Amino acid sequence: MTRYVIIGTGITGFAAAETLRTLDPVAEILLVSDDPHGFYSRPGLAYYLSGEIPEKQLFLFSKKGKLNLGVQYVKGLVTSLNPSSHTIETNTSGELGYDRLLLATGASGVPLEVPGANLKGLVKLDDLEDTRKILSMVKNTKTAVVVGGGVVAVELVEGLIAQGIKVHYLLRGKWFWPNVLGEIESGMIERYLTHDEVILHHNTEIVEIIGKRGEVAGVLTSNGDVLRCDMVAVGIGVKARTELAQGAGLKTERGVLVNEYLQTSAPDIFAAGDVAQIFDPVSGNASIDNLWYPGRKQGRIAAFNMAGQREIYQRTVATNVLRLAGVMTTIIGAIGSGRDEGQVYTSRGSSETWQQLPNTIASESGTDLSHLRLIVGEQKLLGALVMGDQKISRPIRDMINSQVDISPIRKQLMESSPQLGQFVMDYWIKTKGGGET
Amino acid sequence: MTFPLSSESKHVKTLVTGHVVPEPERCIQCGICSFNCPISIDVRYYAWLGEYVEDSYCLTCGECVERCPRGVLHFEKTELFIGRKE
């Protein structure tokens with residue numbers, strides 16, 4: 001009987017376990033994790049923080065009988081991995097052997113490295129324990145300072161505002177998320193944040209966290225201002241948890257390097273999800289997606305390959321849907337303005353491929369409430385950003401994924417007319433046909 | 001039992017001709033849909049499976065469609081009524 005060991009109980013590890021069970025009904029499957037809560041919706045933490053759902057809603061399969069995978073859960077931290085003996089060492093269950101192993105250890109928040117970062121009152125939004133900690137502090141928190149320029153930071157801002165806390169939001173650049181959003185797009189988000197009485201500080205970083213009796217009392221900013229606060233919430237990026245792989249001598253860069261079969265440099269060890277830096281034979285690059293659905297898909301593909309089948313991970317166009325300050329935003333494919341030079345880490349809810357903007361032309365149209373930006377290549381659409389009204393996002397994703405030839409309408413697409421969205425929709429219906437109401 | 005629906009509601013039409021369809025690629029399984037369903041249908045589970053909400057009790061009230069923060073759910077016409085004049 002084959003023994004599969006999966007390290008990590010996030011979406012990737014869980015999807016791998018689910019798939020392995022369907023492929024091999026009798027195999028022994030071990031899910032090992034130091035997260036005491038097992039599998040839950042990590043992106044859902046933002047809505048738990050804002051009070052839109054209760055904690056128990058984060059768990060998908062809490063109802064008995066809905067999904068019984070016959071998996072053994074091992075709670076504990078994996079302290080070492082030994083590829084030659086096919087074993088791992090845990091701090092709770094000692095040594096465990098494996099036939100095939102999946103590293104699905106994910107990524108964790110990058111700590112803020114400034115004086116005072118060890119004070120009580122510093123929080124992040126990595127896992128359920130972090131969210132519980134923030135909620136337990138709400139009662140005694142009047143003002144918070146949030147730092148970071150991506151999805152998690154804005155989720156922290158919205159969550160804390162929903163809990164009735166006054167929020168100062170520090171942005172390192174001229175506007176919010178400059179390596180993905182343009183000035184107009186960011187302006188839409190910032191208007192909503194200001195409407196919710198968030199105090200925005202552009203071109204501002206934390207220089208020092210000021211403490212009083214071991215607790216956060218304020219921050220000193222790069223502008224020389226002192227902002228009084230009881231909490232500092234950090235969402236400055238995530239870093240792949242590669243320590244185990246590095247200790248085992250596996251090849252790593254920003255993540256654990258894997259080929260298109262999600263195999264690492266060591267035999268019988270695979271990696272997937274936020275920890276995996278996946279080689280793409282088409283582009284020749286290896287990149288990381290910190291996204292939920294690709295994480296699920298990678299878990300499935302890894303399972304097929306662990307079970308001895310040969311399945312290539314086909315990278316589809318990276319897509320994410322976000323609710324940024326109440327504005328529904330869909331990001332599809334390459335749309336960014338290049339890598340943020342000061343950014344070393346990836347961001348949760350983000351893909352490195354968004355920042356690989358090819359040399360093409362962007363076409364825009366929009367109102368105060370909705371915005372559409374298309375990245376138009378020679379013969380096909382390469383990327384899009386849809387904010388506000390989302391009717392057009394599914395047709396566009398479909399057109400990008402199936403590489404629909406847009407050359408007959410390319411000229412019109414470049415005109416940035418107010419009817420741009422309708423024009424794309426009409427073309428999609430004409431080429432594919434749409435059946436929804 | 002009657003449900004108070006405005007005669008102008010778009011949902012009146014949907015009640016008889018549509019069902020809720022998920023787009024799993026957008027779903028992060030937060031469960032807001034299931035939590036807000038007035039009759040406790042586990043909409044999220046359908047999204048996990050990538051299947052339309054096939055529950056004879058579904059009111060197609062649109063609560064899950066409206067509440068989803070990621071735009072996962074939309075209405076589609078059911079095949080049952082194809083060919084029938086609206």
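Start by selecting residues 28–33 of chain A: that's strand β2, which runs parallel to β3(A) and is joined to it by four bridges. Keep in mind as you click around that this is a predicted model. For one of the pairings, pick A:S33; its bridge partner in β3(A) is A:K75.

Next, select helix α1 of chain A, residues 11–23. What does α1(A) touch on the sheet? It packs against β1 (3–7), β2 and β7 (100–103) of chain A. Compare directions while you're there: that of α1(A) makes about 175° with that of β2(A).

Now bring up the whole sheet. It's an open one of five strands in chain A, ordered β3-β2-β1-β7-β19, with parallel pairing. Going from one strand to the next, the twist averages 20°. Which strands stand at the edges? Select 72–75 for β3(A) and 269–271 for β19(A). Each has a single partner strand, so one side of each is left without a neighbour in the sheet.

Last stop: the contact between the chains. Chain A puts in 20 residues and chain B 19 residues. On the chain A side, select α7 (292–306) and β23 (319–324), each of which supplies at least two residues. β23(A) gives the largest share of that side, three residues.

Terms used
Residues are numbered from 1 along each chain as its sequence is written. Chains are lettered from A and ligands numbered from 1 in the order in which they are written. This is a predicted model: local features need pLDDT of at least 70, side-chain atom pairs count only at pLDDT 80 or more; totals for chains, interfaces and linings use all residues. Two strands pair if DSSP finds at least two bridges between them. Axes are lines fitted to C-alpha atoms, for helices over the stretch in contact, and angles run from 0 to 180 degrees between N-to-C directions. Two residues are in contact if their C-beta atoms, placed from the backbone, lie within 7 Å.
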